[in-house]
Amino acid sequence: MHAIADNLIKLVDTLKITRLGGFIGAEVRGVDFTVEQPESVYASILAALAEHGMLVFRNQRHLGIGDFVALGERFGELEDNETLDHVEGFPQVGTLIKEKGHQTSIGDMWHVDHTYLAEPMRFTMLRAIELPAFGGDTIFLSAKAGFASLPDGVKETLRGLKALHSRTHLIKDGKYAAQFFKERPPRDQGKSNNQMAIHPVVTTLPETGEEILFVNPGYVVKLDGWTAQASQGLLQTLYDHCLTPEYQFRLRWEPGTIAIWDNRQTWHFAVNDYAGQRREMQRLVIA
Ligand code: SIN
């Protein structure tokens, strides 16, 4: 009773929002997304997302594909996914599948979705369709906590820097190369493999005014105006700092779990520890 009461942070109508990690994550309960909800419910969910970086909705197995898409649309504009196969008839719903015989999986390194775009996606929504009997968790990390805990002098230096993000960085990484493409022949080869963008190293979350460390190991190639070699030491120091266990939350998926995360303030890592088992997820990216 006390444990539940202590982390209960918000009650709107029947909506209950409870914290999961010390720096990231909250669970939202008490809302049926197959029924039209008052605007206040979605506004509270968005406010919780800005505050906690990622949210979990359990037991949503009853949501049809149309309900899932409609839910995503409440949080922004859905983008047709360029890089994944999609559910037939729903180009916005990307499928992330690891077959029993696959060695590689999608997203098994620390990254932030699509930061190589000039306008990266604000949110990603993911739901579990088929899960391994063990493993297959996703770990999330707060880059907001990462920035807040840096010394003032370092923060000031970082505010003056920009970084180059490139899609090829993650793709060229050793474990993503030959085996990955053997198992998943690229469907958009040539179209977007050379996408790149330069973003400030420190960004501000418009909803809260908080500063975020906006670099990630998946897509950042180097600091703008620096060589890759010269960038390496500072970037690695920042990554090591962000990887502090206290800034992380590990999500154990259940059938019907939906998670939504804010790409502007979190990183994530899909753990590939379930060899010989199948995992299937559906993903929406939300601008
Ligand atoms: C992703 O990196 O977007 C996929 C996360 C997951 O499958 O757990």
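Reply: Let us begin with the surroundings of the ligand. A residue is near a molecule if one of its heavy atoms lies within 4 Å of it. The model before us is predicted.

Me: Which residues surround the ligand in this model?

Reply: The ligand is surrounded by Leu-96, Gly-107, His-111, Asp-113, Leu-126, Thr-138, His-268, Ala-270, Arg-279 and Arg-283.

Me: How far is an oxygen atom of the ligand from an N or O atom in the side chain of Thr-138, of His-268 and of Arg-279?

Reply: A polar contact is a pair of N or O atoms within 3.5 Å. For the side chain of Thr-138, the distance to a ligand oxygen is 2.5 Å. For the side chain of Arg-279 the value is 2.8 Å, and for that of His-268 it is 3.1 Å.

Me: How is a pair of aromatic rings described?

Reply: One gives the distance of the centres and the angle of the planes. This structure holds nine aromatic pairs. One of them joins Phe-140 and Trp-261, with 5.0 Å from centre to centre and 55 degrees between the planes, and is classed as tilted. Because Phe-140 belongs to strand E9 (residues 138–142) and Trp-261 to strand E16 (residues 258–262), the pair ties together parts that are 121 residues apart in sequence.

Me: Which rings have a charged end sitting over them?

Reply: Two cases may be cited here. The charged end of Lys-98 sits over the ring of Tyr-274, 4.5 Å from its centre. The charged end of Arg-127 sits over the ring of Phe-68, at 4.6 Å from the ring centre.

Me: Which residues other than glycine have a positive phi?

Reply: Phi of Asn-59 is near 55 degrees, and Asn-59 is placed in the loop between strand E4 (54–57) and helix H3 (65–73). His-114 has a phi of about 60 degrees and lies in the loop between E7 and strand E8 (123–130). Asn-59 is exposed, with a relative accessible area of 57%, whereas His-114 counts as buried at 9%.

Me: What does Ile-212 touch beyond residues up to four places away in sequence?

Reply: Ile-212 lies in strand E13 (residues 211–213) and, at 1% relative accessibility, counts as buried. Beyond those sequence neighbours, Ile-212 touches Ala-143, Lys-144, Phe-147, Val-201, Val-202, Thr-203, Leu-205, Arg-264 and Gln-265.

Me: And where is Thr-95 placed?

Reply: Thr-95 is in strand E7 (residues 90–98) and counts as buried at 12% relative accessibility. Leaving aside neighbours within four places in sequence, Thr-95 is in contact with Leu-84, Asp-85, His-86, Val-87 and Met-281.

Technical notes:
Residues numbered from 1 in each chain as written. Predicted model: local features only at pLDDT ≥ 70, side-chain atom pairs only at ≥ 80, totals over all residues. Heavy atoms only, no water. Helix = DSSP H or I, 4+ residues; strand = E, 2+ residues; numbered from the N terminus. Buried < 20%, exposed > 50% of the residue type's maximum accessible area, 1.4 Å probe, protein only. Contact = heavy atoms within 4.5 Å. Phe/Tyr/Trp six-rings, centres within 6.5 Å; stacked < 30°, edge-to-face > 60°. Lys NZ or Arg CZ within 6 Å of the ring centre and 35° of its normal. Polar contact = N/O pair within 3.5 Å; in protein donor to acceptor, adjacent residues only side chain to side chain.
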